[in-house]
Amino acid sequence: MPPASGKSAYTHARSESSMPLLPYADNTPPSSPASHSFTPRYMFHFAHKRRLFVTACLSLAAIVLVTLSFTTLAAEERNLAVPAGEHSQPPSDVDISSPVAHDINPELVEDEGLEKPQYSPFVLGPPTQSFRDNLRNDTKYITSWISAGWTNDVMTYANLIYLGAVTDRVPVIGMFTPSHIGGDAAPILFGEVFDVPRFNRESGIQIVEWHEVKDPESPVVDDLGCWNVWEAVQFNEHFPRGSSVPDWLKLDISYTKAPSWIKMIPDYPHDMCSTFWSLARLSFPEERSKSIGNPLPSPTHNVTLDPDDHMLCFDYLYYACAQQSSDLEHDYAPTWRYVLKYLHWTKRIEQIAANYVKQVFGLPEEAEVPPYIAIHVRHGDFANWCWQAENPEDCFAPLPVIARRVREVQEELRQRKGVDIPMTRVIITSDEKDPAWWGEVAALGWRTVDHEAARTVERFGRWYPVVLDAAIQSGALGFVGTDRSTYSIVSRRRVDDWQDGATRMVLWGYKGADDH
C-alpha cells in the first residue's frame, strides 16, 4: 500500500548528505573524549514465577517445533539449485513460496492446551487502527527511523534497541525500506530477516515490531512528536533526517530540534556522533522539561507537538555511539555485545543459506555444510574516497593481497582449530564489475553465488541476495572483509562471536595500504 503522505510508493526518501555513512569519513579521524563506564539496565518483564513452568512447556514445544520446521524446510528447499559462477544451471520447475509469517514467542505459552496469543505481551492486543490504542499504560516505548543502506539500517535499529535498554523502554522496530536494492522494491519486515522471539529470549531485551502495534492496512494517520537529532549533530542540513518509514506507518511527525549538547564533539563538523547517555537524558522528565517547547508543525495535519513521552521518538540514530564513531569495530562495543550479537537470522534464512553453500560447493542435499572461508570485497562507491592514491588503480587492494589475508586465516584455523580449509572452499562476494577481475578470482579457485542464474529474486524477492550473502558470510569459519565497510564489519563480528572464527580486514585507500 502507498505511503500516507501521498508520496509515490516507489520513491524512497533519503536525505542526501555531504558525508558518507561510514566511519573515517575524514582522513584524520578525531580522537573522542573518554566516556563514563556503566552497566546497562535491562527490561526483564516476565515474572520469575512463570519461568519454571514456561521452561517445561518450552522443552516439549521445542521438540515438536524443531521436528516440524526442519521437515517443512527440507521439503520446501529440496529442489534448490544454486549456481556458482558458470558451474551449474538452475532448474526451471522450482516453485518457492513467499516469505513465511513471523514466529510466535513460545514464552507466551502458559498452558499446552491453550492457543498461543497472536500478539506481544507489551501491547494490549492485536494491531489497532491507531497505534496509541494498543499501548499499555504501564509500559513506555521508544522508536526511530532508518535512512541508509541495509547494513547501516541494521546498525541503526541496533542503536535504537540499545537506547531502549538503557532508558527502560520497549523498542518498537519498523520495517526495512529499500535503498541499494532499488527504491521501488517493497519493504521487508524486521522479523522476516531476524529471529525476534530468539532475540527476546537470549538478549534479555524485549522488542516489538510496528506491525504488531498498528494495523499496516489502517487508513488512520497518527500524530506524533519526535526529537530531531540530525540537525543537532551536523551543520549542512537544517531539517530532520528524511525517512520513508513514517509514511509507511502513517505517522505525521512534529519535530523538536534536540539540544546541541547531545553532540559528542561540540562544534566539530567531521563527526556526527551523539552519545547514548546524552540521548537518554531526553527520555527522563527533568531534562525533557528543559528542552521542549519549540516544535515544528507536522507536514500533514500542521499540528505542533512536544516529543512524546509514552512513545519516545528520534528521527535518526545511526550516529549514536558509546565513545567513538567506530564503536562497532572494537571489542567493547555495547551495541554488538548486548544487541547485534543476539540478532540471529530466522531459521528459514539459515536453511536457505546453508543450501546455497552446499550447492555452490557441489555437495548433495543430505551433506553437512563444510567449513569454509567467506570474503567480502567492496569497491563501487568507495572509489570516491581514494584521495590518498596517486593513481586510481592503486586505491583498492589487488587480489594477491586479499589472497594473502585468506592464507593468514587458513593458517590460524589450522593452528587454533586443527581445520584445513582449501582455496576451493572459499566463497567471495563483491560489487566489482570488471570481468577480468572475476577471471582472476576464478583462477584462485574461489567460488561465488550467482544470484541471477539462481533466480534468487524470483524465488524469494529482491531483498534476499543481500540478506543471503550476509547469512552465508556469517556461517563461515573464516572471514576476510574490506576495511571501513559496515557490511564487512558486521560480518566479521558475527564470524568472530558466532563461529569462534578467524577474521581479517583488508586495508585500502592507497598503494600498499595493506602491506604488513
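The legends below describe close-up views of a predicted model. Residues are numbered from 1 along each chain as its sequence is written, and side-chain values rest on heavy atoms, with hydrogens and water left out. Because the model is predicted, local features need pLDDT of at least 70 and side-chain atom pairs count only at pLDDT 80 or more, whereas totals for chains, interfaces and linings use all residues.

**View A. Helix 16 packs against helix 17.** The axes of helix 16 (residues 464–474) and helix 17 (residues 486–498) come within 8 Å and cross at roughly 40°, where axes are lines fitted to C-alpha atoms over the stretch in contact and angles run from 0 to 180 degrees between N-to-C directions. Helices are DSSP runs of H or I with at least four residues, numbered from the N terminus. The crossing is right-handed, that is, the near helix is turned clockwise from the far one by less than a right angle. Val466, Asp469, Ala470, Gln473 and Ser474 of helix 16 meet Tyr487, Ser491, Arg494, Val495 and Trp498 of helix 17, contact being heavy atoms within 4.5 Å.

**View B. Trp150 in the largest nonpolar core.** A nonpolar core is a set of buried Ala, Val, Leu, Ile, Met, Phe, Trp, Tyr and Cys residues joined through side-chain atoms within 4.5 Å, and buried means under 20% relative accessible area, exposed over 50% and partly exposed in between, with a 1.4 Å probe and protein chains only. The largest such core has 104 residues, and Trp145, Trp150, Phe176, Phe314 and Trp345 have the most contacts inside it; its largest share, eleven residues, comes from helix 2 (residues 150–166). Not counting residues up to four places away in sequence, Trp150 touches residues including Phe176, Trp345, Val466, Ala470 and Tyr487.

**View C. The two ends of helix 13 and the loop to helix 14.** Asp434 caps the N-terminal end of helix 13 (residues 435–443), with a side-chain oxygen 3.1 Å from the backbone nitrogen of Ala436; such a polar contact is a pair of N or O atoms within 3.5 Å, one able to donate a hydrogen and the other to accept it, and residues adjacent in sequence count only if both atoms are side-chain atoms. Helix 13 is followed by Gly445, whose phi is positive, near 85°. In the loop between helix 13 and helix 14 (451–454) lies Thr448, which counts as buried because its relative accessible area is 18%, and the side chain of Thr448 reaches the backbone oxygen of Ile428 at 2.9 Å.
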